[in-house]
Amino acid sequence: MVIGKVLSIREGVRSGVVTPLARLFTCTGNMAKSKYEYVRNFETDDTCLRNCYIVVRLDGRNFHKFAEQHNFTKPNDNRALGLMSRSAHSVMEELEDIVIAYGQSDEFSFVFKRTSTWFKRRASKLMTHVASQFSSSYVFYWKEFFGEQPLLYPPGFDGRVVLYPSNRNLKDYLSWRQADCHINNLYNTVFWTLVQKGGLTTVQAEDRLKGTLAADKNEILFSEFDINYNKESAVHRKGTTLIWEKVSCSKWFDYSCSVGYV
């Protein structure tokens with residue numbers, strides 16, 4: 001179809017001018033001042049309080065099923081953990097106001113500096129941008145970590161925004177997430193050791209661990225399987241931290257995102 005130009009068709013059909021489609025659907029008045037502008041009043045003001053750290057936390061949606069269908073190694077799959085960290089790295093490269101990120105298992109937390117004005121500090125904008133950048137990066141970098149193993153379906157991540165007004169609050173938040181990492185990883189390490197090396201079924205392993213404390217789990221690993229939990233990989237026990245590192249390059253400075261374990 002020719003738009004906005006003279007159209008001539010022979011054999012009895014008269015010629016004419018095709019009206020541009022944009023003109024057909026354009027209001028005569030200025031849309032910003034139209035009678036429909038009132039619908040903006042239904043939007044909720046979700047501007048984050050100033051002088052607070054903005055934390056966006058992402059969690060994998062139904063990742064237990066995702067891990068099963070993609071044959072993740074248990075209790076920890078270094079390919080999957082590496083992919084999570086690479087996706088978080090991509091988010092930090094895109095949003096430089098993120099001062100630190102912490103991740104473990106299928107979750108990652110991103111901390112925006114107090115003075116950040118990205119997206120006018122709108123929570124919905126920050127959360128959706130982080131979630132979309134992370135999700136697309138997870139798919140984009142899949143082959144880098146899993147090779148020819150196909151991605152059977154796209155993963156999903158839900159997000160939330162929480163504000164922390166003080167350094168102490170932020171420190172406690174990160175400590176809470178790391179404590180969660182330790183508790184879950186210790187349990188999973190013992191559980192799958194009992195199944196894979198101890199010959200128990202998943203139901204039997206679950207019954208064996210009911211009511212046990214951290215000391216009991218460490219004792220099972222050491223006395224029955226000669227495994228010192230404290231010598232297990234730090235990334236499994238403590239999670240992954242991403243921070244910005246200032247690197248001097250001759251006459252200029254470059255900022256790069258580095259990985260560390262805390």
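Let's start in a loop: Asn62 sits between strand E3 and helix H2, where helices (H or I, at least four residues) and strands (E, at least two) are DSSP runs numbered from the N terminus. Asn62 isn't a glycine, yet its phi is positive, about 55°. With 46% relative accessibility, Asn62 counts as partly exposed; the scale here is relative accessible area, with buried under 20%, exposed over 50% and partly exposed in between (1.4 Å probe, protein chains only).

Before going on, a word on what you're looking at. This is a predicted model, in which local features need pLDDT of at least 70 and side-chain atom pairs count only at pLDDT 80 or more, while totals for chains, interfaces and linings use all residues. Residues are numbered from 1 along each chain as its sequence is written, and side-chain values use heavy atoms, with hydrogens and water left out.

Now the overall layout. The chain holds nine helices and eight strands, and 35% of its 262 residues are buried. Take the contacts (heavy atoms within 4.5 Å) with a separation of 6 or more: 65% of them are between residues 24 or more positions apart.

Asn51 is another non-glycine residue with a positive phi, about 60°, and it is found in the loop that runs between helix H1 (21-24) and strand E3 (53-60). Further along, Lys74 and Pro75 are joined by a cis peptide bond, with omega about 5°. Pro75 belongs to the loop between helix H2 (63-69) and helix H3 (78-94).

That loop hands us on to H3, so let's walk along this helix. Met84 is part of H3 and counts as buried, at 4% relative accessibility. Leaving out neighbours within four places in sequence, Met84 contacts Ser105, Asp106, Glu107, Phe108, Phe134, Tyr138 and Phe157.

Glu93, another residue of H3, is a partly exposed one, at 43% relative accessibility. Not counting residues up to four places away in sequence, Glu93 touches Arg86 and Trp244. Glu93 and Trp244 are 151 residues apart along the chain, but their C-alpha atoms are separated by 9.8 Å.

Next stop, helix H8. It has twelve residues (214-225), and at 1.5 Å a residue it should span 16 Å, which agrees with the 16 Å between its end C-alpha atoms; the expected span is 1.5 Å times one less than the number of residues. Which residues of H8 are buried? They are Lys217, Ile220 and Leu221. These residues cover an arc of only 90° around the axis, so they lie on the same side of H8; the arc is taken over the directions from the helix axis to the C-beta atoms.

What covers the buried residues of H8? The cover includes helix H6 (167-196) and helix H7 (202-209). Just past the end of H8, Asp226 takes a positive phi of about 55°.

On the H6 side, the contact is made by Leu186, Tyr187, Thr189, Val190, Thr193 and Leu194, and on the H8 side by Ala214, Lys217, Asn218, Ile220, Leu221, Glu224 and Phe225.

Setting aside neighbours within four places in sequence, Leu186 is in contact with Ala214, Lys217, Asn218, Leu221 and Tyr229.
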